[in-house]
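Good morning, and thank you for making time on the agenda. I would like to take the group through one structure, beginning with a single chain and ending with individual residues.

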Amino acid sequence: MTRFIAVRVCKAILTVLFVWTVVFILSRVTGDPVDWILSEGGSEEAIAQVRHNLGLDFPLWEQYFRAFVDILTGNAGDSYYYARPVLDLFGERFVATLGLGVIVFLVTILVGIPLGVLAAVKHNTILDRLTMTFSIAGYTIPNFVLGILLIIVFSLHLHLLPSGSYGTAAHYVLPVIAMAVGPTASVARLTRSSMLDVIGQDYLDSARAKGVNEWAVIYKHALRNSLIPVITILGAQLSTIIGGSVIVEMVFAWPGIGSLIVSSARQRDFPVVQFGVMMICISITFINLLVDLSYSILDPRIRVKN
Amino acid sequence: MKIPPFILFLMITFGILATVSMLAPVLFPIDLSDTELTARFKPPRLFDPESDFLFGTDSLGRDVGIRLLYATRTSLIIAFLGMVLATIFGLIVGVLSGLNGGVTDHVLSFITDTQLSVPTTFIGIICATMMGSDALTVIIVIGVTGWPGFARLVRSQVIQLKEAKFVESSRSIGASKTRIFFEHILTNIASPLIVYATMNLSSFILLESALSYIGLGIQPPETTLGVMVSDGRNYLLQSWWMAVIPSVLIVLLILQISLIGDWLRDKLDPKLKNKT
């Protein structure tokens, strides 16, 4: 078990280092960052100052480590566009994005899994068909298109919900729906097929024969065995949710990290983008690590094998 | 091979849409930056029979219908070129990984896994920050985000093929590595590769439109479906069609391509269902 955890942790660290290496190489290969920042050309001193601020006056290998340590310790420099510390910018917007992400993830689990179970239990009935239709629709409609359609219907025509910005609980409804439909659809679809594999097996009949009630048979015996592929895909869905938040935040003018990173990318405000991408990557890797470790709790065989 | 009527219908409609949009510069030669300020916000003919414009006009008085064709054209070309790039990357990595095994395989598989854990939009954001926002960047982003799936598929196929009897006999009569690769391996992975590429084309169209929507793709006056939706976002109340019509087209394109791709997979290569 210790070995299993150690291997996973090492892999996670390697992943973060790898992403950092790619970002670092890309940022040095695609041209001198000073050229983007001082696009009109600047005086000698200005160039030297920018080089110094960026840490470009160190040897390459030292830049690689310095910049990485700086990012990890939150010392990410100043934004060129806002002329403020990058960390402050992220601090102000973090809660808005985290709130949205957590709610969407909860909706994905709490709606997706029961929906999949329902479709599997009522296999080949109208309920099953409806769930699968919803699943295909959720898979096909891009989140920004869904967001715009929701705004037209619920904000502009029915006047029920606000079309953008942030503040009350009502502001959350449309962005959450726009972001959650895709991941919920995938989870429902996978839960259904995974449950269908398990549902015909003999051990469920023997549980029933012992007098276990149907609800417990489905939720305790069948679901637990079909959860592993679902949990695998939850890790991937998380990355979809975080990636989607960038776009949905733009649709709903949500003052979060995603819209900050996008507007910074448009301004080519490199310190903000670099810090944002690394933070997102580190959090996704960390959560994937937790997902990996949670398999071993669900399925003891994995613990032994590794 | 019998094609079900519904799939045939999808193929024909997609074919027409693709052909007409590719021919847009010939059929409707316009300058995309031309504006006609006297004809702003004219509704589509369906809602106002007086209107001269089948799909209405936008905030600068430009015909939404004609722009839609140009937009579809650009979106399709970018997604297709990106797909080609992703296929080439994936093929190279998958073949290297599958044929060599050992350390190469471990390293390449690790890179593939890592790449899959970074959200595609963020890869797009990094590339746009460093290379600027234009068509080439989007094509590269699609190539860079798309290859891991292809690499996994090719790797698993190559591993199976290199143990196959016909490859072994070819090797035993002294065929060179290059010859085995081109004659046996490449010809045998071509079919699943094409199916997989078709299935993924829809997700590349989606990625392209999402990047253009957030302003990190094609820049005006050039247009794609995502740019059109983004233009319409500011005028939802007075001229909803500016955003809704391109949105519907994006959904239709994605639906058509993914349903055709699914059908192709089930027909040509049912094994693929479990592999990807």
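Predicted model: local features only at pLDDT ≥ 70, side-chain atom pairs only at ≥ 80, totals over all residues.

Before I name any element, one term: a helix in this talk is a DSSP run of H or I of at least four residues, numbered from the N terminus.

His159(A) sits in the loop between α7 and α8 (170-199) of chain A. Its phi is near 55°, a positive value in a residue other than glycine. For context, most residues other than glycine have a negative phi. Is His159(A) buried or exposed? His159(A) counts as exposed, because its C-beta neighbours inside 10 Å number 9, and the exposed class takes 12 or fewer.

There is a second case of this kind in chain A. Ala253(A), likewise not a glycine, has a positive phi of about 50°. Its place is the loop between α10 and α11 of chain A. Here the count is 13 C-beta neighbours inside 10 Å, so Ala253(A) is classed as partly exposed.

Let me now step back to chain A as a whole. The chain contains 13 helices and zero strands. Its C-alpha trace spans about 85 × 60 × 30 Å along the principal axes. Of the 306 residues in chain A, 36% are buried. Taking contacts in chain A between residues at least 6 apart in sequence, 73% join residues at least 24 apart.

Chain A is divided into two domains. Domain 1 covers 1-81 + 267-306, and domain 2 covers 95-265. The C-alpha centres of domain 1 and domain 2 of chain A lie 30 Å apart. In the contact between these domains, domain 1 of chain A supplies 16 residues and domain 2 of chain A supplies 14 residues. Which helix gives the most to the domain 1 side of chain A? That helix is α12(A), with eleven residues. By class, the domain 1 side has nine nonpolar, five polar and two charged residues.

The axes of α12(A) and helix α5 (residues 120-131) of chain B come within 10 Å and cross at roughly 160°. How are α12(A) and α5(B) oriented to each other? Angles over 145 degrees count as roughly antiparallel, and α12(A) and α5(B) are therefore roughly antiparallel to each other. The crossing of α12(A) past α5(B) is left-handed. From α12(A), the contact uses Phe270(A), Val273(A), Val277(A) and Ile280(A), and from α5(B) it uses Phe122(B), Ile125(B), Ile126(B) and Thr129(B). By class, this contact has seven nonpolar, one polar and no charged residues.

Helix α3 (residues 64-100) of chain B and helix α4 (residues 102-116) of chain B pack at an angle of about 145°, their axes being 7 Å apart. Here too the crossing, of α3(B) past α4(B), is left-handed. On the α3(B) side the contact is made by Val93(B), Leu96(B), Ser97(B) and Asn100(B), and on the α4(B) side by Gly102(B), Thr104(B), Asp105(B), Leu108(B) and Ser109(B). These residues divide into three nonpolar, five polar and one charged.

Leu193(B) is found in helix α8 (residues 177-213) of chain B. Why is Leu193(B) classed as it is? Leu193(B) is buried because 20 other C-beta atoms lie within 10 Å, and 20 or more is the cut-off for that class. Not counting residues up to four places away in sequence, Leu193(B) touches Thr87(B), Leu153(B) and Val154(B). The C-alpha atoms of Leu193(B) and Gln157(B), which are 36 residues apart along the chain, are separated by 9.8 Å.

Thank you; I welcome your questions.

Terms used: Residues numbered from 1 in each chain as written. Chains lettered and ligands numbered in written order. Axes fitted to C-alpha atoms, helices over the stretch in contact; angles between N-to-C directions. Helix = DSSP H or I, 4+ residues; strand = E, 2+ residues; numbered from the N terminus. Left-handed = near helix turned anticlockwise from the far one by under 90°. Contact = placed C-beta atoms within 7 Å. Nonpolar A, V, L, I, M, F, W, Y, C, P; charged D, E, K, R; others polar. Parallel < 35°, antiparallel > 145°, perpendicular 65-115°, else oblique. Domains from an automatic or database assignment.
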